[in-house]
Amino acid sequence: MRQDVEALHKLARIAIEGPAAKETLARAASIIRQATGAAEAMVVYAEDKNFLTCSDAGGGPATELRLGALTWIQRHAAQTSEPVAFNLVGRRVEDFTSALSDDDRQFLAFTVPTTESAAEMCILRGAWDHKARTRILRFMESATPALTMILERLLNANRSQRLGEQLRTLANAAQVLTRSEDVETALRDLATAISASTGFEYIVNIDPYDATTNRFFLRVLSEQRYTGGTFGQIWEAGLNPDRPDPWNVELMTTLKPALRPDMQNDPVYPEHVRKFFAQSLLRSVADFPLLFQDEFLGTMAFVSFKPRTFPPDEVSLLQGYVSQVATAVKALQMHNELQRYTQELRRSADQYIATTNLTGDIICRMDRGGRWTFLNDAACQFYGKPREELLGIDSRARAHPEDLESTAQAIRQMRAKKKPVRGFVNRQVTPMGTRVVEWNGYPLFDEEGQYTGVQITGRDITERKQMEEERERLHAELERRAITDGLTGLYNHAHFYQRLAEEIERSKRYKLRFAVVMMDIDNFKYYNDSHGHQAGDLTLNLIAGCIRTGVRRSDIAFRYGGDEFAAILLHADSSKPQAIVKRINRLIARRLKEIDDPAAAWLNLSTGVACFPEDATTADELVRIADAALYDTKRVEEPHGVMGQRQAIESLAFPSETPDEKQPRTPSTPASSLAAVLQDLGTPEIVADLDLRAIAAMAAAAEIKDPYIHGHQERASLWASTLAEQMGLSPERVRNIRMASLLHDIGKVTINEGILNKPGKLTEEEFAKVKQHAPLGAMIIISKAETLQQLAPIVRHHHERLDGKGYPDGLAGDDIPLEARILSVVDVFDAMTHERSYRKALSRETAIAELEGGAGTQFDPAVAKAFLALLKRPGEELPAPPQAASEDQHLVAARPPGRRKR
């Protein structure tokens, strides 16, 4: 007894005075061994995940108790809340029983309660009888307070520093994850920090989820003594990416926590689950979904060895840890995505640079200040300096001054949106002059997401830009020509009806008024015949200038056709047109007097007016009424020449008619004749097309510019439609080919008359212009008459050849529309059998021989055969209008050399 008291005094003095060191525990173990008569005394304490042992074996061999054995001993001691006895077989601890029992065991284990953990123990090895064991139990009960104080001092000295580090880890969870190269280790450190902050009341389990693969791809446990052995291995092995844990699936589905107070005894769980928790001494689990703004990122579980009721305040605390981990995991995902994007961008850029060195694309990379950090070979050549002289130079010095702000804006956009900018165009100053470059830009970022510069890929599009501008200019010029009279510069007949329809709609919408004035030059045919066409054209120009000057700035003047003009007077009532007409006639009289030609004194301008909406509300009615008024004026008035003579002037262009006639008058011109044929052939939709008269006028204008093709279009139309019927085409296709044949040379309206009527050989440039008439003709049809669009392919391709050597697209064989192949044969035949400016007409027999020779190369042999059969049919002569024949100078391109001039 005295020996026990002395031992207790020694322990008390160590607890009060001794240093907080492992040597202190070794001295305490020696005192306990001597006092109890044990062969060995071990003081065991926990440092987070490990057990540390201070042992005194009295000079004999020390017992080796591994982590798993110590964990097993501690669980039994903590579970029974009293000293336990056990045996050690090899390295396995077995035969647990109460230390108060009479059963003999090799070891006794006593818990040493501390505030930081329930893991501290004192283990004695020896062989005692029952009476000795009772004394030892009483001694250990008295020694435990001193032993607790010794352990508290030691543990507090070390654990406070570690706990601070773990709490900092938890506070900076996002940085811990994003800066770690090993995500599994970073998550384990995070789980350990959370476990430590709860006093190791819980084992923390995190299962992250990958939405792209729809899998839980990882399971980590907090590092502590319970998870370092077989139990931890079993728990981590429970994650199978191909077969998700039912509890994880439940959390992913419900997105709500699942609290399980007693897993060992709750009958709601399967027996094998309860058995596993009983064997591992686990009791309760709190499962939480990891959510970031409703996005499911995985699950997190808190597992305890004690049954817990999970009161609301405890659940709130755990939920706080879960939210912090979810934020960290989301930050990790965003960080990894940014890294992948940056790496992929750099890899793609490097591969692209290597490739575009061969293609000639300009590749540059600039830092955030705009200085070049890389240029490929094409860039160095473009800027005319070696790479060494360009690196480090401000790239903005090469941009055109007017493009600096737009260039800076494009770079700011890339940086702000972190996305490429494509198709950005600016001008660059180079040794070759100012060049236009189209750029694609890519922003660059470092691993921390900081902007580091931009990489751009450029292509010199200067020539392409010039071609586009020229194409736009030509298109604008074509549009201008299409609506402008080539002689006078006024708007033409087609544009008159277009503007008239637009003004009717506008005036109806806004309840406005306007007037239509039709004008005709009296005695112009007499003047033109007596003085010649050149003088007539000069006079038409003079009168057109007077009309342009006489109308108001808001009014619109037109050349209606021949010696007819028209005007639309905006915001005009019935009195305004009369004043404007008088002003125009005064201007004409003054100008004609200036040219000092007595015959010009007989020229005068007769006019007729119709007002909207008083006289009519449709275009046709307005024109009909104004036209009738004009010829009424011609019949009633007797114009006075400047010589004072009176002479009745008859109408030269139209028969007389009265205002009450119901049918609109049709001008006796090639345009109106062609329009009438198109109306007869067309459907109601075609007849209703407002631009039909414009199309007809353009087609007729082509014949006017080239007198050698007069009547060619009508003859080609009759031949082609007859051949189409012979070949069994449907009535609709026969109608289409007949209309297309009437319009197939409409594109010649854009070609200079000098080229069309040149008697000698054409130059390469002149012939290139002639070849444009086919695609231009198709474009005119498409743009000016929507209801005739089905004719455009026939017009465009009627100069293609079966062998692919034709124009404009080089089509061959069946790629050429059948209708175009039919028109090609008919067109060439009619051209060969009629006179041209550069040759005499060929005989019918010679033309037939030419067709036979070109079958299979220039012509479709089936079409040529059918046409030749039609020609050779006895008595076959198609009716043709009594106009002069015509032919494009390029239609007989297949003729052998020496047979024609180009």
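**Exercise 1.** In this predicted model, classify the orientation of helix 24 and helix 29 relative to each other.

*Solution.* Start with the geometry: helix 24 covers residues 731-743, helix 29 covers residues 818-832, and the two pack at an angle of about 50° with their axes 10 Å apart. Angles under 35 degrees count as roughly parallel, and 65 to 115 as roughly perpendicular. Helix 24 and helix 29 are therefore oblique to each other. The crossing of helix 24 over helix 29 is right-handed.

**Exercise 2.** Identify the residues through which helix 24 and helix 29 meet, and sort them by class.

*Solution.* Helix 24 contributes Arg 733, Ile 737 and Ser 741, while helix 29 contributes Leu 818, Glu 819, Ile 822 and Leu 823. In this contact of helix 24 with helix 29, four residues are nonpolar, one is polar and two are charged.

**Exercise 3.** Classify the packing of helix 23 and helix 31, and describe their contact.

*Solution.* Helix 23 (residues 712-726) packs against helix 31 (residues 861-871) at about 105°, with axes 10 Å apart. The two helices are therefore roughly perpendicular to each other. From helix 23 come Trp 719, Thr 722, Leu 723 and Gln 726; from helix 31 come Val 863, Ala 866, Phe 867, Leu 870 and Leu 871. This contact has seven nonpolar, two polar and no charged residues.

Definitions and conventions. Residues are numbered from 1 along each chain as its sequence is written. This is a predicted model: local features need pLDDT of at least 70, side-chain atom pairs count only at pLDDT 80 or more; totals for chains, interfaces and linings use all residues. Side-chain values use heavy atoms; hydrogens and water are left out. Axes are lines fitted to C-alpha atoms, for helices over the stretch in contact, and angles run from 0 to 180 degrees between N-to-C directions. Helices (H or I, at least four residues) and strands (E, at least two) are DSSP runs, numbered from the N terminus. Angles under 35 degrees count as roughly parallel, over 145 as roughly antiparallel, 65 to 115 as roughly perpendicular and the rest as oblique. A crossing is left-handed if the near helix is turned anticlockwise from the far one by less than a right angle, and right-handed if clockwise. Contact means heavy atoms within 4.5 Å. Ala, Val, Leu, Ile, Met, Phe, Trp, Tyr, Cys and Pro count as nonpolar, Asp, Glu, Lys and Arg as charged, and the others, Gly among them, as polar.
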